[in-house]
Amino acid sequence: MASGMQEKQYTPSLLSFFIYNPKFGPREGEEEKKILFYHPIEIEKNEKIRNVGLCEAIVQFTRTFSPTNPAKSLHTQKNRQFFHEAEENYWMVMVVRNPMVEKPNKDGKPPTVEYQEEEIIVSNLFNGTFSRAFEAGGVELLTQKLEKFFYRYLQTLHLQSCDLLDVFGGISFFPLDKMTYLKIQSFVNRVEESLSLVKYTAFLYNDQLIWSGLEQDDMRILYKYLTTSLFPRHSEPELAGRDSPLRPEVAGNLLHYGRFLTGPANLKDPDAKFRFPRIFVNTEDSYEELHLIVYKAMTAAVCFMVNAAVDLNREFCEQLDSLVGPQLTLLASDICEQFNINRRISGPEKEPQFKFIYFNHMNLAEKSTIHMRKTASVSLTSVHPDLMKILGDINCDFARVNEDEEIIVKAMTDYWVVGKKSDQRELYVILNQKNANLIEVNEEVKRLCATQFNNIFFLD
Amino acid sequence: DNMHRSDNRGSWEFQPEDTLTEETGNFPSTLAQANFKIMSESWRQHRKHVFVLSEAGKPIYSRYGNEEALSSTMGVMMALVSFVQAGGNMIQSIFSDEHTVVFLQKGPLVFVSVSATRQSEQQLRRELLHVYHQIVSMLTQASINRIFERRKNFDLRRLLFGSEKVLDGLLDVMDSDPSFMLSAVQCLPLPSSSRDALSHILQKAITPDLVFSFLIANNRLVSVVQEKTVLEDARLKPSDLHLLFNLIRASAFQAGEIWMPICLPLFNHDCYFYAYVAYLDPPECTVCLVLLSTDKEAFYAVAECKRKIEEAFASQNALQWVANTQLYYVDDISVANLRHFLYKPSKVLDHHRQLSQEERIRLLDPYRNMHNRIHSTSRPLKLIYHSAGKETLLAWVTSKFEMFACFTPLVTKKSAISELTKLLRWIKKEEDRLFIFIYAFPLTFQSQPCKRQSVTQNVKK
């Protein structure tokens, strides 16, 4: 088996992504009209039509067997295609190249199937319902909007580093003591009272959520957008040195460190044009279009959402700036101080004893001691990717039944992986205890549950 | 009713859309729309559909429904396969919430499985491979390839006429018997002295070109004897044995004897053996003798062997040993929480089971899922312990064995482990009785020395 050839590794990568609606071009010769968005643009027109045609055929074929549950994915030797009917007749398709290890005469480890699901959801936040947009401005408007959004969004996809945490799409909550939490609550209340235009607010610290007035599903999507797209784009200037040209303009404004992440980059410039991104929330029953104002001071960030019908002018922004800026700055340093005090009490953070991932489906809270750093482009985990895939397998098995279960697995490397599901909570623990047996592993995990999750009942 | 198996399967006319992809290379959506309407709800409810068609899109077999009526559905399947192929790619599977569709192409034949059983793609593909092999067992791979080379449009149903029940039977048994999942054959437990005596009787009844002799009781293997020179060349795989058993089951004869050609695909997929099959205990017909010869004309000589075997059985009252066989039950081992298990020593063929038929079949689903995880090509495992609502399941693979066990749901880990240990000790003790270790067999043949030649040379097609 030894050969001189070097192994080449190809990671999974996005080959193409497109959106179509078969109703738009039902007759022969009109196929091109079905395509609402196609990436990469350079693909020849006929090939686009063929690819869309294949998707349609596959969906229809599977309807033969189950009219209400058509195909979700197609696997071929070279790639995988994922289908998602975002709304009735609007289909999104993502084509991913299979990861391959090129050895002489051998190929392909299959990738995990999980990671594609999350990508689909985020778009809904920004596009509202496709049908609404269509009514408003016709197909052209829709295609324009799609193009603008997806072009930018697709660049933020990093398929090779997706794992179980992405499947959950949870929210990381920042742990706070009661006093500080109340301070934040009252801050939010005060602002909402003074600025009556504000409909919803969300408060984050250090990329983690503290408080949100939005519906859970909407917040989940907004959180994802903030942490993978908006915040990373703006993080550099804050870290820049004092004399760096990147440093935000704070001349004349030594009262606070607040600034707009969306909207006016520089309030001092009277001619600068600005606008706030619009988002769509509550899209299930009612339909709301809102301006998204994200305002940040140091590591604290607040999102204010205002009805999109309102025109937000410079005056409003200045009012917000002078009201929120100082308070938020103060709050941010309060939180920081409190956090440091707590840390000193609980002791320095050494290597976490247990490697685990916890997710609660009810409040979307997630916690991971496995991910050391999770930014948009990279997800550093302290465990081998194959072990993460085993977590994914266990998660799939859990998803089959709606009961409380426990799965313990011993991997080839003698690592033990324990998965527990109780109510709507899932806990995954990885233990590196090669010589342990089932009983000992069980005891270890019980200890973990007793210390970290003592108010949650997991199966023994 | 068009949807049920009709007697007039023999309609040789086939009117497919000749070109399923138009000149522009587009996939005609009208084609896909068409067959959507004709399927009835009952047809859709079936847990696993299996379709066999030729590369030209001609239907060959459908597990449910008349394959003629399904010809347009099969046409769509073929179009999907060729469409993807045209892009230098190969279609493998389609997943939806309820179904998994798996494609397999072997030579000029295409196999499609549409399954709601939640089995993995690999497991479903392996089942399709078994279906292919069963067809090969009836026709040989060489003739299939040759036929289609000459005529791409050939209707293979002409050669398989009457064999649908063989495929039906195979699919049914794959859904209820864990042997396929484990790639193993179940043996009848016998004290090794009895088994040796039976094998001895088989060994003495020989004739030139007789290569294999099997004794099967109630679908379990009692004894297998193999001609010495053949053993050096190759050993029988469990998969081939399953196909053989299935063919015999499907022929559903009782009294009398059969002489039929059969190809053992994994042993040699291009040539036929000739199988003599007879029950030794009519009218109960539970003990079956199978003698495989490479000589097409050897019927009388082989029948004579059977007669000798019958005589020897009668004189030693051998049938009684088989009848008296104690099927063991879990109670024997006094493990209160253990409900059921499968055990397969590595390198050899066997497993066994208890519980009611229904429960065993139900357990097959979770066993298959664990089997799939434990033997994953990219991330295999050594052990799985799964506590669920209805039961606690365990799967364990070591270098010496592979086992699956089912415990009551509230069993503690301590009890489970201790009962498992007890079980393993018991199995070790009873090893001789439970399993057949093929290469532990003495196999000298007496009388005329056989020329040492490999089986293929001796084949008459």
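Predicted model: local features only at pLDDT ≥ 70, side-chain atom pairs only at ≥ 80, totals over all residues.
I count a salt bridge when a side-chain nitrogen of Lys or Arg lies within 4 Å of a carboxyl oxygen of Asp or Glu. With that rule in hand I went to the interface of domain 1 and domain 3 of chain B, and it finds two salt bridges there.

**Entry 1: inside chain B**

I looked up the domain assignment for chain B first. It gives domain 1 as 32-174, domain 2 as 192-323 and domain 3 as 330-460.

Then I checked how domain 1 and domain 3 of chain B meet. Nine residues of domain 1 are in contact with six residues of domain 3. About 530 Å² is buried between these two domains, and carbon and sulfur atoms give 28% of that. On the domain 1 side, I noted that Arg47(B), Gln119(B) and Gln123(B) lose the most area to domain 3, together 52% of what that side buries.

I picked out one salt bridge by name: Arg368(B) with Glu127(B), where the closest N and O atoms are 3.4 Å apart. That passes because the cut-off is 4 Å. I also got five residue pairs in polar contact between domain 1 and domain 3 of chain B. Helix H4 (residues 121-139) of chain B gives the most to the domain 1 side, with four residues. Sorted by class, that side has one nonpolar, five polar and three charged residues.

**Entry 2: chain B against chain A**

Next I turned to the contact between the chains. It takes 55 residues from chain B and 55 residues from chain A. The two chains bury about 5,100 Å² between them, with 58% of it on carbon and sulfur atoms. In chain B, Arg379(B), Lys382(B) and Lys413(B) lose the most area to chain A, together 14% of what that side buries.

I ran the salt-bridge rule here too, and it finds six across the interface of chain B and chain A. Asp97(B) forms one with Lys72(A), the closest N and O atoms being 3.1 Å apart. The polar contacts between the chains come to 26 residue pairs.

I asked myself which element gives the most to the side of chain B that touches chain A. It is E12(B), with seven residues. By class, that side of chain B divides into 24 nonpolar, 19 polar and twelve charged residues.

**Entry 3: strands across the chains**

Last, I followed strand pairing from one chain to the other. Strand E4 (residues 71-76) of chain A is joined to E3(B) by five bridges, and the two run antiparallel. For Thr76(A), I found the bridge partner in E3(B) to be Ile91(B).

Methods:
Residues numbered from 1 in each chain as written. Chains lettered and ligands numbered in written order. Heavy atoms only, no water. Domains from an automatic or database assignment. Contact = heavy atoms within 4.5 Å. Buried area = accessible area lost by both parts, 1.4 Å probe. Polar contact = N/O pair within 3.5 Å; in protein donor to acceptor, adjacent residues only side chain to side chain. Nonpolar A, V, L, I, M, F, W, Y, C, P; charged D, E, K, R; others polar. Pairing = 2+ DSSP bridges.
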